Amino acid sequence: MSTLHAIIIAIIEGLTEFLPISSTGHMAIASAIMGDHGDFAKLFEVVIQFGAILSVVVLYWRKFFDFKKISFYIKLFIAIIPALAFGAVFKKHIDAMLEKPMIIALIMLLGGIVLLFVDKWFQKPAIDKEEQITNKKAFVIGLYQVLSIIFPGLSRSAATIIGGMQQQLSRRLAAEFSFFLAVPTMLAATVKSLYDMYKEQPEVLNTDNLSTLLLGCAIAFIVAIIAIRFFIGFLQKYGFRLFGWYRIIVGLALLILFYTGVIGK
């Protein structure tokens, strides 16, 4: 992976990680276009997601470092359990799916159709504070996150926000809890990916590649801070409809590129 490619992928990750448009899908498509299919490219796409996620810790540092409210950490632990279980079981499935941009394009399209109706489905939120989220509701939101693991391209953000709204959280709180949940989720995914790479192909973790990982994380982190501030304000004012149309247009465009042979299937 060249430095230019790493920078492009990192910017894409930072922009899309917290939007309901699938950062994984966008990175997979971009990598397919640029011809990055190696093991390091796959590792890079996982690790820089954690770099982007760290922006949540910085922006919401009071929440993450308020150790007096242990219930917050308990809710995150409960919510991450389904993802840890399914992630371990479906890792090979996920890796195989990410090598099929055609599948990602279809999931992108179908996910966009769903987003067109989300605002109409959940119009009466009853919960606007994190303290009101019960352990049961946290677990249900965690189950929704599993959908994004089984179907790469669905969007972890979209799945968990919709899960939150289905549990009567307001748009803002559903988005914020989705951000919070992303921190332990991507920390676990990053540690697992780095460990697997160290165990199976330690030569990949050379000095040059580690420098590329750090660069990618830094860029994704900075861009993600901007994206989060934009997304919360936009979501509260306009909802999901525009993101739905965006996904539909991108999905259709990708399908056309695949069927015309511009991008391999």
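Start with the largest nonpolar core, which has 59 residues. A nonpolar core here is a set of buried Ala, Val, Leu, Ile, Met, Phe, Trp, Tyr and Cys residues joined through side-chain atoms within 4.5 Å. Buried means under 20% relative accessible area, exposed means over 50%, and partly exposed lies in between (1.4 Å probe, protein chains only). Select Val56, Phe177 and Phe179: these have the most contacts inside the core.

Before going on, note that this is a predicted model: local features need pLDDT of at least 70, side-chain atom pairs count only at pLDDT 80 or more, and totals for chains, interfaces and linings use all residues. Residues are numbered from 1 along each chain as its sequence is written, and side-chain values use heavy atoms, with hydrogens and water left out.

**Stop 1: Phe177 and the second core**

Stay on Phe177 and show its contacts (heavy atoms within 4.5 Å). Leaving aside residues up to four places away in sequence, Phe177 touches Lys75, Leu76, Ala79, Ile133, Ala138, Ile141 and Leu169. A second, separate core has 11 residues, including Met102, Leu109, Leu254 and Phe258.

Select Leu109 in that second core. Leu109 sits in helix α7 (residues 101–121). Helices are DSSP runs of H or I with at least four residues, strands are runs of E with at least two, and both are numbered from the N terminus. Leu109 counts as buried, at 15% relative accessibility. Which residues does Leu109 touch, not counting residues up to four places away in sequence? They are Arg247, Ile248, Gly251, Leu252 and Leu255.

**Stop 2: helix α8**

Select residues 135–150, helix α8. Its 16 residues should span 22 Å at 1.5 Å a residue, and the end C-alpha atoms are 23 Å apart, which agrees. The expected span is 1.5 Å times one less than the number of residues. Colour the buried positions of α8: Lys137, Ala138, Val140, Ile141, Gly142, Gln145, Val146, Ser148, Ile149 and Ile150.

**Stop 3: into α9 and out again**

Move to Ser155, in the loop between α8 and α9. Check its backbone: phi is positive, about 95°, although Ser155 is not a glycine. Most residues other than glycine have a negative phi. Ser155 counts as buried, at 5% relative accessibility.

Next, select helix α9 (residues 156–166). Is this helix enclosed or open? It is largely enclosed by the rest of the structure, because 10 of its 11 residues are buried. Those residues are Arg156, Ser157, Ala158, Ala159, Thr160, Ile161, Ile162, Gly163, Gly164 and Met165. Show α7, α8, α10 and α11, which are among the elements covering them.

Leave through Gln168, in the loop between α9 and α10. Gln168 also has a positive phi, near 75°, and is not a glycine. Gln168 is partly exposed, with a relative accessible area of 39%.

**Stop 4: helix α10**

Select residues 171–200, helix α10. Its 30 residues should span 44 Å at 1.5 Å a residue; the end C-alpha atoms are 42 Å apart, which agrees. Where is the kink in α10? Look at Ala182, shortly before the proline Pro184, where the kink is about 30°. The bend at a residue is the angle between axes fitted to the seven residues ending there and the seven starting there.

**Stop 5**

Begin with Asn209 in helix α11. Asn209 is buried, with a relative accessible area of 17%. Asn209 touches Phe40 and Val204, leaving aside residues up to four places away in sequence.

Now show the rings. The structure holds 16 aromatic pairs. Rings of Phe, Tyr and Trp (its six-membered ring) pair if their centres lie within 6.5 Å; planes under 30 degrees apart count as stacked, over 60 as edge-to-face and the rest as tilted.

Select Phe230 and Phe234, both in helix α11 (residues 207–238) and four residues apart, about one turn of the helix. Phe230 counts as partly exposed, at 45% relative accessibility. Phe234 is buried, at a relative accessible area of 14%. Their ring centres are 5.4 Å apart and the planes are at 35°, so the pair is tilted.

Step on to Tyr238, four residues from Phe234 in α11. The rings of Phe234 and Tyr238 have centres 4.9 Å apart and planes at 40°, so this pair is tilted. Finish by selecting the aromatic cluster: Phe18, Phe179, Phe230, Phe231, Phe234, Tyr238 and Phe243.
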